[in-house]
Protein chains: 2
Amino acid sequence: MSLFVQKYGGTSVGSIERIEGVADRVASFRAQGHDLVVVLSAMSGETNRLIGLAQQIQETPDPREMDVLVSTGEQVTIALLSMALKKRGIDARSYTGGQVRILTDNSHTKARIQAIDDANMRADLAAGRVVVVAGFQGVDEHGNITTLGRGGSDTTGVALAAALKADECQIYTDVDGVYTTDPRVVERARRLDKITFEEMLEMASLGSKVLQIRSVEFAGKYNVPLRVLSSFKEGQGTLITLDEENNTMEQPIVSGIAFNRDEAKVTVAGIPDTPGVAAKILAPVGAANIEVDVIVQNVSADNTTDLTFTVNKGDMKKAVGVLESVGKDLGAREIRSDDKVAKVSIVGVGMRSHAGVASRMFTALAADGINIQMITTSEIKISVIIEERFLELAVRTLHTAFGLDAEPTESHTKG
Amino acid sequence: MSLFVQKYGGTSVGSIERIEGVADRVASFRAQGHDLVVVLSAMSGETNRLIGLAQQIQETPDPREMDVLVSTGEQVTIALLSMALKKRGIDARSYTGGQVRILTDNSHTKARIQAIDDANMRADLAAGRVVVVAGFQGVDEHGNITTLGRGGSDTTGVALAAALKADECQIYTDVDGVYTTDPRVVERARRLDKITFEEMLEMASLGSKVLQIRSVEFAGKYNVPLRVLSSFKEGQGTLITLDEENNTMEQPIVSGIAFNRDEAKVTVAGIPDTPGVAAKILAPVGAANIEVDVIVQNVSADNTTDLTFTVNKGDMKKAVGVLESVGKDLGAREIRSDDKVAKVSIVGVGMRSHAGVASRMFTALAADGINIQMITTSEIKISVIIEERFLELAVRTLHTAFGLDAEPTESHTKG
């Protein structure tokens, strides 16, 4: 007898047949006696259809009206699921963001949740009803409709789970959990039973697009156990929770290998090694709306230094252009760029307490003849920039080196 | 400098191009200095699409959720029009029924408006904004979304005009006004510049489906001048107002000829002429959800009488079935039915003060050899049931007899 918040994404409610499937799943949880709050996305493709209508009018339409428009997508699915539940004899009631009331700030198209009124939901749960809530949307203090931005339904799910102190927030999606790395690259990638919020944040920001990153931050902040599961096949999925210190002994050193192909490297070489020089280089890049990922500056032998950073491949030329006059002003020797690079990272809370993780990583890469161009580290992550053509090899090598490979499906006796 | 409430139907906002057209029209009214509240329907076809989705789940889905679902249709168009107005530099703000707040009872899918909060709209108008309101929808006192039933956007328009004491409620549609009769039947049918609420009610209920009948009742009750115009061509349309007594002299006796092809006649013959007999016959018909239109009972020579009524053609067999045992109980001689009939009516407030209108009508029909099977009259209407094959002939004959024919487009000198 638990209270679960279940969030189903656009693919999971992409047709009437699939909505009926969600209703069946909800019915089976109800049959087990659980209380349920269900958060839904719009049918897959619907949000893009609505944006397409708006963009026939104007490329950047009024943001307030954009929210009025796109919030209809979830309103459709909550009504349809509630109907499907009622057909099964399950009492259910739909709520728009405004009806719940999910109060947000007034930053249309990217609003942040400020408070959730749980009174109506609690009354419905107490009356034995399934509560069906539109994800991705809220209202500001004046009753204007707001939306939380792309993927915001995950955030709605976590926020409702936090407000209701739910036992678990379950995110149903089209993958069956979080993997040690991308199974398309490493055949023996394993689904993780458990991962910490911190690890998930590093994995998500590095390209494992299973969960919206804001929802993971939110879940971590309010300690909401978060589970990623498949809408389409049975299984336990992956549970994302706090790092419980006393379990560290049993934790693997590295939980997963993340990577990002979409990196390009820009080096400003031979600049004076004086305070403020990095800011002088990066400020105009940021001002040009170019996102910078890895930044590395090394100590110098003479009075000059090199600063290297990475950007999305598509932004590289723009970044170099922006830096030309800045480089001249600083007396830089040259500006070099390279878009044939990629980033590979090992992630794991276990590395905090284990020395030698970095050297094990570098040794494994060296054994395959992979040269490391840049290195950055955080408490639970080590990232390297390498030549792009070595990416798959590096991921596979590291996956094996850190003991992440799944047992072969057909087990063999070992010598 | 007037305040107009303008309502645009589904065809008028059926595509982005047409929404841009509405924005142009609104812009031209703004340029003339008028204040505007615009009420919109859903894009044509959208409400049916949404109902279709629901009916894939269940034939009669939960009515509360049905309202959540279909109300998204208008929410889409109000957002799109507001964007299109902003693109033109016109400040505009959209409102759902709940945001206005249009308070209704809780009869989902056929709710009635109880009160309208005009505070937000007045503030926006005072600030020079165009207010864009979703038609067809409201909220009950608990914040549940309700809808007013098919054609309810007209009612929203009139209700807002009444609440705001607007100078005129303008209904933009795909016809350019109310005609003396259906132009497809009578080539020389004329658009009326003016018609009274009462006449319009009789015309509408008799098949001139220009306006939703509830909105005309509402407009009459609150004395809101109502104008029907075309979204697609310029013109003054038809103004629907109170009957101003002192104008009666100048009014035509008959304003229009209405007709209804979808009538079938059922006669219960030879029943005892005692009190309560009509009720005994009509009660089971009503209980079977069959709508009865004309009812005629004649005085009898002996102790028996005949009761005749009309129903929609599709309901005739059902009505006869329902009456078989009732007829037996009452000792009726026989039950006869005929679905080859039609109804023709002349409508006009002028006939109140003119004797001889009926005889002029019957004489004109007789001159064409058209036999009258039933007659009913009201203060401003005379209806006859005739053989269906004479319908067009009867309408043309009466249109001419009451002086409604338009001048030929090419004028000839008269002798």
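Guide: Let us begin with the whole before turning to the part, keeping in mind that this is a predicted model. Chain A can be laid on chain B with an RMSD of 0.1 Å, by a turn of 180° and a shift of 0.0 Å along the axis. The two copies are thus related as by a two-fold rotation axis. Among the residues of chain A, the one that comes closest to this axis is Thr72(A), whose C-alpha lies at 2.7 Å. Because 100% of the interface residues of chain A are also interface residues in chain B, the copies meet through the same surface.

Now to the part itself, the annotated binding site. In the unreviewed UniProt entry, the annotation "binding site" covers a set of residues in chain A that includes Lys7(A), Gly9(A), Asp174(A), Tyr179(A) and Lys209(A).

Lys7(A) belongs to strand E1, which runs over residues 3-8 of chain A. With a relative accessible area of 9%, Lys7(A) is buried, because buried means under 20%. Not counting residues up to four places away in sequence, Lys7(A) touches Val39(A), Ser41(A), Ser153(A), Asp154(A), Gln170(A), Ile171(A) and Tyr172(A). With one of these, Asp154(A), there is also a polar contact between side chains, at 2.8 Å.

Tyr179(A), by contrast, is found in a loop of chain A, between strand E9 (168-173) and strand E10 (194-196). Its relative accessibility is 24%, so Tyr179(A) counts as partly exposed. If its neighbours within four places in sequence are left aside, Tyr179(A) is in contact with Ala189(A), Arg190(A), Arg191(A), Leu192(A) and Met203(A). The side chain of Tyr179(A) is also joined to that of Asp176(A) by a polar contact of 3.0 Å.

In one of them, the rings of Phe218(A) and Tyr222(A) have their centres 5.2 Å apart and their planes at 40°, so the pair is tilted. These two residues are four residues apart in helix H9 (residues 213-222) of chain A, and therefore they are separated by about one helical turn. Phe218(A) is buried at 18% relative accessible area, whereas Tyr222(A), at 46%, counts as partly exposed. In chain B, Phe218(B) and Tyr222(B) likewise form a tilted aromatic pair, with 5.2 Å from centre to centre and 40° between the planes.

Methods:
Residues numbered from 1 in each chain as written. Chains lettered and ligands numbered in written order. Predicted model: local features only at pLDDT ≥ 70, side-chain atom pairs only at ≥ 80, totals over all residues. Heavy atoms only, no water. UniProt positions renumbered as here; feature names shortened; annotations may be inferred. Buried < 20%, exposed > 50% of the residue type's maximum accessible area, 1.4 Å probe, protein only. Contact = heavy atoms within 4.5 Å. Polar contact = N/O pair within 3.5 Å; in protein donor to acceptor, adjacent residues only side chain to side chain. Least-squares fit on C-alpha atoms with pLDDT ≥ 70 in both. Phe/Tyr/Trp six-rings, centres within 6.5 Å; stacked < 30°, edge-to-face > 60°.
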